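Reader: Please take me through the aromatic residues and the nonpolar core around them. Keep it brisk, and give the cut-offs.

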Amino acid sequence: MPATKVKEALNAMGAEVFYEKPLTSSDANGSGRIVIPKAIAEMHFPMLDNQAGSQIDAVDSMGNPYFFKFRFWINNQSRMYLLEGAAELQRRYNLRASDVMIFAHKPDKSLVVAGRPLADTDILRRPTTRKPCNGTPKREPRRLPGSIPKKPRRPSRDVQGSAHYDFNQFMAPIDGVFRFLLHSHGLDQSAVFFQSGVWTAVLDIKGEMYQAFFDSRNDALTAFNAAGYV
DNA sequence: AGCCATGCACCG
DNA sequence: CGGTGCATGGCT
């Protein structure tokens, strides 16, 4: 399924893409579980009260219906979001690891999904290097009382020279518009800085964080200062 | 300091 | 033995 066709279909539906995830091998291993980056999940998906999650109905660019389960795991003190039930979609669009799953909204806010092959224009971060995990795991394996400890087996890490992609970077709207930051990634004071190729201004307004992106340091500083900061 | 890719124990 | 949910650890 060519990317252009998919885009046409999405356009025809009036669907606006808000996230594209190059699938990892874990995403594409057939389980149908897709990890949704926390920032994306909390910006574009329904808020979840319990980790049981909720069902999300969607259609793909060909009109096929889906009934995903959107949920999260507890990971450390935080959440790790997942979309379950994507195996059929991956089958229909022939998605393998490093192909891209597309998330879009219709004007009525309903979810539209699709897939496409990885394009040259997709952002690339690290060329490779995920190190093989040598040696035995440090953690004591969990086991039932009285059961026999298992010999830990050598993990089969994926060491092939495949590229890694920056899934987590979302497209910063470089329009100088300050937007509310629900989760401020540790940014807790006003600042202007250059990050991921864009000038960023962050404002702390009575404890609430806002952020905007600019082409130049000067633009960022101007807006920053106009907001009453020095 | 925390995300997230993924390993893997546990349970059906 | 395949799926669930959590733990680990690389990486930023």
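Author: Chain A has four helices and eleven strands. Both are DSSP runs numbered from the N terminus: helices are H or I with at least four residues, strands E with at least two. This is a predicted model, where local features need pLDDT of at least 70, side-chain atom pairs count only at pLDDT 80 or more, and totals for chains, interfaces and linings use all residues. Residues are numbered from 1 along each chain as its sequence is written, chains are lettered from A and ligands numbered from 1 in the order written, and side-chain values use heavy atoms, without hydrogens and water.

Now the rings. The structure holds eight aromatic pairs. Rings of Phe, Tyr and Trp (its six-membered ring) pair if their centres lie within 6.5 Å; planes under 30 degrees apart are stacked, over 60 edge-to-face, the rest tilted. F18 and F45 are edge-to-face because their planes stand at 75°, with centres 6.0 Å apart. F18 sits in strand β1 (residues 16-22). F45 lies in the loop between α2 (38-44) and β3 (54-60), 27 residues apart from F18. F18 is buried at 15% relative accessible area, and F45 is buried at 8%. Buried means under 20% relative accessible area (1.4 Å probe, protein chains only). Ring pairs link F18, Y19, F45, F70, F72, Y81 and F103 into a cluster.

Next, the core. The largest nonpolar core has 33 residues; F45 and F103 are among those touching the most other members. Such a core joins buried Ala, Val, Leu, Ile, Met, Phe, Trp, Tyr and Cys residues through side-chain atoms within 4.5 Å. Strand β6 (residues 100-105) gives the largest share, five residues.

Definitions and conventions: Buried < 20%, exposed > 50% of the residue type's maximum accessible area, 1.4 Å probe, protein only.
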